[in-house]
Every structure is written in C-alpha cells, then in structure tokens.
Amino acid sequence: MKLVVAIVQDRDTDLVIETLNARKLRVTRVATSGGFLGQGNSTLLIGVDDFQVPLVIDLLRKVCHRRSMFVPMAAGITETAYGLHSQIEVEVGGATVFVLDVEHFEQV
Ligand code: 2BA
C-alpha cells in the first residue's frame, strides 16, 4: 500500500476530491499553506493499493492547473509604494506529489 501526499491549490481541491471519490478512492483533506507564498493550499492524504498510484497521479495531472501569480519581490515592499514593477511572477501548481510506502494499515 502507498500513501500519496498531494499538495494542491485551493481552487482545484474540490474537483480533485470529487474526481477521486467518483473512482472510489478515499481522501483526507488538510488545510495547509505554502511556506513561500504563505497562501492557502490543501494537502490531500490518499491511501491506495500500489497499482492505483499511476491512476491517482494521472487524475491529479488532469485536474490541477498551473497558474501564474504575482507576489511582492521582497518582504516589506508593497505594491502601493513601488507599483506593479515591484512584483515578480511565480508559477504555482498543478500538484506537488509525494508517494510513501505504508508499513501498516488497519481501521479499528
Ligand atoms: P509555496 O511554498 O507557497 O510555493 C509557491 C510557489 O512559489 C512554488 O510553486 C514555486 O513556483 C515558488 N517557490 C517556492 N519556493 C521558492 C523559492 N525558494 N524560490 C523561488 N520560488 C519558489 P510549486 O512548486 O508548484 O509549489 C506549490 C506549493 O507546494 C508550495 O507553496 C508548497 O506548499 C508545496 N511544496 C512544493 N514543493 C514542496 C516540497 N519539496 N516540500 C513540501 N512542500 C512543497
């Protein structure tokens, strides 16, 4: 068994969960935020059989979109003080995925 840990953007989360559930895949959603941008995202815990991992990754790839975001170049520099030129473009997403071996699983 594997635990797929997927960090997805908030805007994609509902559709990811719907899509997984429609395939009878179970998922737990944890509200998280990115260390770099400090923006809300979701960390999904998806416990699956080994053979289902490619399917999960494929679904994540289809549903999660890359998006460009503009963020202040440095802490303390605000848009109002320096205008839009003080912002840089950062690409976020689709999904950041870790696949972990599960040593033991049971529901008691
Ligand atoms: P954040 O840490 O808020 O990062 C948002 C986006 O900012 C990243 O998109 C990346 O494009 C950029 N970024 C992050 N750290 C950077 C840095 N030190 N310098 C320049 N640009 C940087 P993604 O790579 O798609 O990551 C989206 C979110 O996934 C991240 O939000 C974080 O919550 C999570 N994540 C990504 N890689 C991770 C990792 N190796 N371990 C744990 N969480 C990770």
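Let us start with the ligand, whose surroundings are Ile 7, Gly 34, Gly 35, Phe 36, Leu 37, Asn 41, Val 90, Glu 91, Val 92, Gly 93, Thr 96 and Phe 98; a residue counts as near when one of its heavy atoms lies within 4 Å of the molecule. The model is predicted, with local features needing pLDDT of at least 70 and side-chain atom pairs pLDDT 80 or more, while totals for chains, interfaces and linings use all residues. Residues are numbered from 1 along each chain as its sequence is written, and side-chain values use heavy atoms, leaving out hydrogens and water.

Which strand gives the largest share of the shell around the ligand? Strand E5 does, with three residues. Both E5 (87-92) and E6 supply at least two residues of this shell; strands (E, at least two residues) and helices (H or I, at least four) are DSSP runs numbered from the N terminus. By class, the shell holds six nonpolar, five polar and one charged residue. Here Ala, Val, Leu, Ile, Met, Phe, Trp, Tyr, Cys and Pro are nonpolar, Asp, Glu, Lys and Arg are charged, and the others, Gly among them, are polar.

Now look at the ligand's oxygen atoms. A backbone N or O atom of Phe 36 lies 2.9 Å from a ligand oxygen. For Leu 37, a polar backbone atom is 2.8 Å from an oxygen atom of the ligand, and a polar backbone atom of Gly 93 is also 2.8 Å from a ligand oxygen. The protein buries 51% of the 750 Å² that the ligand exposes when taken alone (accessible areas by the Shrake-Rupley method with a 1.4 Å probe).

Next comes the largest pocket, with about 340 Å³ of space (a volume is the space filled by probe spheres set on grid points, which are joined across faces, edges and corners). A pocket is an open set of points on a 1 Å grid over the protein atoms alone, where a 1.4 Å probe fits, with protein on both sides within 12 Å along at least five of seven lines; lining residues have an atom within 4 Å of a point. Of its 17 lining residues, Gln 9, Leu 37, Asn 41, Val 92 and Gly 93 lie nearest the centre of the largest pocket. E1 brings the largest share of this lining, three residues.

The second largest pocket has about 250 Å³ of space. Its lining has 14 residues, and Met 1, Arg 26, Ile 46, Gly 47 and Phe 105 are the closest to its centre. E3 gives the most to this lining, with four residues.

Methods:
A polar contact is a pair of N or O atoms within 3.5 Å; within protein, one must be able to donate a hydrogen and the other to accept it, and residues adjacent in sequence count only if both atoms are side-chain atoms.
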